[in-house]
Amino acid sequence: TRRRSNAAVAAARNAKEVLAQLSVTEPALKWKERSELLKQLAAALERVSQATVQTPRGEPGAPQMSPRTDQAGVAEGVSGLALVQDLLGSKDRSKNVHVVTGTLAVFKTAANIVGLGAGLHAAWRVVFPVVLSLLKDSAKTVAAAALSVLDSLHLRCFRLRDASTVPFIIAELQQLGGGGGGGGKPGAGAKSAASFITWILRALKLETEVVLPPSEQEGDYKAVNEQLARALMGLLGHREIKTRDLTAQALSALLLAAQAHGMSEAEISALLAPLSTAHPKPFARVQSLLHEGRGAGEHILPPPGTRRTSASVTGGGGGGGGGGGGGSYGDK
């Protein structure tokens, strides 16, 4: 409507003004001033998003939300992504909690406006892996903000198997496991991974609730699933019991989805075979979850336009924090 269009134009103008202040004075700003400007920018971009993004996230059959490049606020959204790249991509970036959470809020709202195209920008390749790493941040407010970003942008801007995201997810899984995947024992310095695996599991379940239309950005489904599976297998020997259990759940959910898309039981068994000797207890747990999932029909695609009720994520770790914004990841 005209009212929504006017609101978007006004909010975009406000965002442009704040972006100008940040780009001109940002290096000399104190953290409190910088944090306040980032809040103002995120709020202005959020108003743009509310005035332009109408499709509920994750609705079956919802149209793709890639806005026209001349739509109000898109240019400001792209500029917001570039600003976040500068702030989070710098080696000497601020560690101040308020600045980091403000920067993440700008990234979330800017990417929501840009939609699917966000993953094609250079800023995404810099910022997305940083957001993944911040899920484990010792400051709970930062970790919660990173989770909110990922929840909000998932399916609107990316899927787990997209070429713009999956390499960073695999790299993070391998780092958390202390090295490569494939069932080997993690290094002594293996980090806490529960929050990251909790998000992976939730995203996997969301992607299997509905039949998502094909995506030009997704890689070869079978090959990507095998890469993700091997990276997850590297965490089945993690020192944390919670992480091991969450990983078993995520691995079984991934492989059931892979089977629904054509991977055979024999191929899945061959992929998991190294675990039977390297990590027999987690191996048995994965096999049990696969058996339960097949019994519930989770290895079969639901009919188009319907939604499967997914099982709840158990094992804890990570908190909720959803995000506003976007339309579903669908057809162009």
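Here are some questions and answers about the predicted model shown above.

Residues are numbered from 1 along each chain as its sequence is written, and side-chain values use heavy atoms, with hydrogens and water left out. As this is a predicted model, local features need pLDDT of at least 70 and side-chain atom pairs count only at pLDDT 80 or more, while totals for chains, interfaces and linings use all residues.

Me: How many helices and strands are there in the protein chain?
Reply: Helices here are DSSP runs of H or I with at least four residues, and strands are runs of E with at least two, numbered from the N terminus. Along the sequence the pattern reads α-α-α-α-α-α-α-α-α-α-α-α-α. The count is 13 helices and zero strands.

Me: What share of the residues of the protein chain count as buried?
Reply: Buried means under 20% relative accessible area, exposed means over 50%, and partly exposed is in between, using a 1.4 Å probe and protein chains only. The chain has 332 residues, and the buried share is 50%.

Me: Is H2 roughly parallel or roughly antiparallel to H4?
Reply: The axes of H2 (residues 31–52) and H4 (residues 97–114) come within 8 Å and cross at roughly 20°. Axes are lines fitted to C-alpha atoms, for helices over the stretch in contact, with angles from 0 to 180 degrees between N-to-C directions. Angles under 35 degrees count as roughly parallel, over 145 as roughly antiparallel, 65 to 115 as roughly perpendicular and the rest as oblique. So H2 is, relative to H4, roughly parallel.

Me: How do the residues of the contact of H2 with H4 divide into nonpolar, polar and charged?
Reply: Contact means heavy atoms within 4.5 Å. Residues including Trp-31, Leu-38 and Leu-45 in H2 meet residues of H4, among them His-98, Val-106 and Ile-113. Ala, Val, Leu, Ile, Met, Phe, Trp, Tyr, Cys and Pro count as nonpolar, Asp, Glu, Lys and Arg as charged, and the others, Gly among them, as polar. The division is 11 nonpolar, seven polar and two charged.

Me: Is Leu-155 buried or exposed?
Reply: Leu-155 sits in the loop between helix H6 (140–153) and helix H7 (166–176). Its phi is positive, about 75°, although Leu-155 is not a glycine. Because its relative accessibility is 1%, Leu-155 counts as buried.

Me: How many Å apart in space are Asp-245 and Ala-194?
Reply: Asp-245 belongs to helix H10 (residues 241–260) and is partly exposed, at a relative accessible area of 24%. Asp-245 and Ala-194 are 51 residues apart in sequence, and their C-alpha to C-alpha separation is 9.3 Å.
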